[in-house]
Amino acid sequence: MQNYKFYLEKFGEYGEVVEVKQSLVVVEGLPNSRINEIVVFENNSFGQITDISDGLCRVALLKKSSQIKSGDKVSRTDSLLMIPVSEEFLGTMINPLGEVISPENKKIQKAE
């Protein structure tokens with residue numbers, strides 16, 4: 001995935017955060033977005049669109065530590081969440097971004 005500036009230049013379309021409720025964000029704008037599309041915020045955090053209605057998108061943040069606030073800009077990526085996997089992942093717990101979270105001692109390089 002690229003950064004916010006890349007997708008803003010590619011699509012020329014952005015939305016604005018109007019509400020933040022923990023890890024759920026409401027975005028106004030993004031008229032060509034679609035359900036399950038990945039979006040990138042101007043601080044380069046990522047989220048996934050879970051609902052679209054009345055010109056608003058509801059976005060689930062993909063990282064707990066994302067510091068998103070009202071007024072932040074967000075751009076669509078025209079991509080769905082995809083995690084490449086291999087046999088090395090068998091028996092390993094990963095987060096939605098494909099990062100290993102258990103067991104602690106197992107080292108796997110994330111595929112790019």
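## Aromatic contacts

There is one aromatic pair in this predicted model, taking rings of Phe, Tyr and Trp (its six-membered ring) as paired if their centres lie within 6.5 Å, with planes under 30 degrees apart called stacked, over 60 edge-to-face and the rest tilted. Tyr 7 has a relative accessible area of 6%, so Tyr 7 is buried, while Phe 6 counts as partly exposed because its relative accessibility is 35%. Here buried means under 20% relative accessible area, exposed over 50% and partly exposed in between, with a 1.4 Å probe and protein chains only.

There's also a charge sitting over a ring, meaning NZ of Lys or CZ of Arg within 6 Å of the ring centre and within 35 degrees of the ring normal. The charged end of Arg 76 is placed over the ring of Phe 11, 4.9 Å from the ring centre.

## Ground rules

Residues are numbered from 1 along each chain as its sequence is written, and side-chain values use heavy atoms, leaving out hydrogens and water. Since this is a predicted model, local features need pLDDT of at least 70 and side-chain atom pairs count only at pLDDT 80 or more, whereas totals for chains, interfaces and linings use all residues.

## Overall layout

The protein chain carries one helix and eight strands, in the order α-β-β-β-β-β-β-β-β along the sequence. Helices (H or I, at least four residues) and strands (E, at least two) are DSSP runs, numbered from the N terminus. Of the 112 residues in the protein chain, 32% are buried. Among contacts (heavy atoms within 4.5 Å) between residues at least 6 apart in sequence, 54% link residues at least 24 apart.

Helix α1, residues 4-11, lies across β1 (14-21), β3 and β6 (73-80), and runs at about 80 degrees to β6. For such angles, axes are lines fitted to C-alpha atoms, for helices over the stretch in contact, and values run from 0 to 180 degrees between N-to-C directions.

## The barrel

Six strands form a closed barrel in the order β1-β2-β5-β4-β3-β6, with antiparallel pairing. From one strand to the next, the twist averages 45 degrees. Two strands pair if DSSP finds at least two bridges between them. β1 and β2 pair over six bridges, with Glu 19 opposite Val 26 in β2. Their hairpin has two residues between the strands, and Gln 22 takes a positive phi near 55 degrees there. β4 (46-53) and β5 also pair through six bridges, with Ile 49 standing opposite Val 59 in β5.

Around β6, three bridges join this strand to β1, and Tyr 14 has Ser 75 as its bridge partner. Another four bridges join β6 to β3, where Arg 76 is the bridge partner of Val 39.

## Strand β3

Five of the five residues of β3 are buried, so the strand is largely enclosed by the rest of the structure. Glu 37, Val 39 and Phe 41 point one way, and Ile 38 and Val 40 the other way. β3 and β4 pair in the antiparallel sense over three bridges, with Val 40 opposite Phe 46 in β4. In their hairpin, which has four residues between the strands, Asn 44 takes a positive phi near 70 degrees.

## The nonpolar core

The largest nonpolar core has twelve residues: Val 17, Val 25, Val 27, Leu 30, Val 39, Phe 41, Ile 49, Cys 57, Val 59, Leu 61, Ile 68 and Val 74. Such a core is a set of buried Ala, Val, Leu, Ile, Met, Phe, Trp, Tyr and Cys residues joined through side-chain atoms within 4.5 Å. β2 (24-29), β3 (37-41) and β5 (56-61) each supply at least two of the core residues, and β5 gives the largest share, three.

Val 59 belongs to this core. Leaving aside neighbours within four places in sequence, Val 59 is in contact with residues including Val 25, Val 27, Val 39, Phe 41 and Ile 49.

## Strand β8

Ile 101 is in strand β8, residues 100-102. Its relative accessibility is 40%, so Ile 101 counts as partly exposed. Beyond neighbours within four places in sequence, Ile 101 is in contact with Met 93, Ile 94 and Asn 95.
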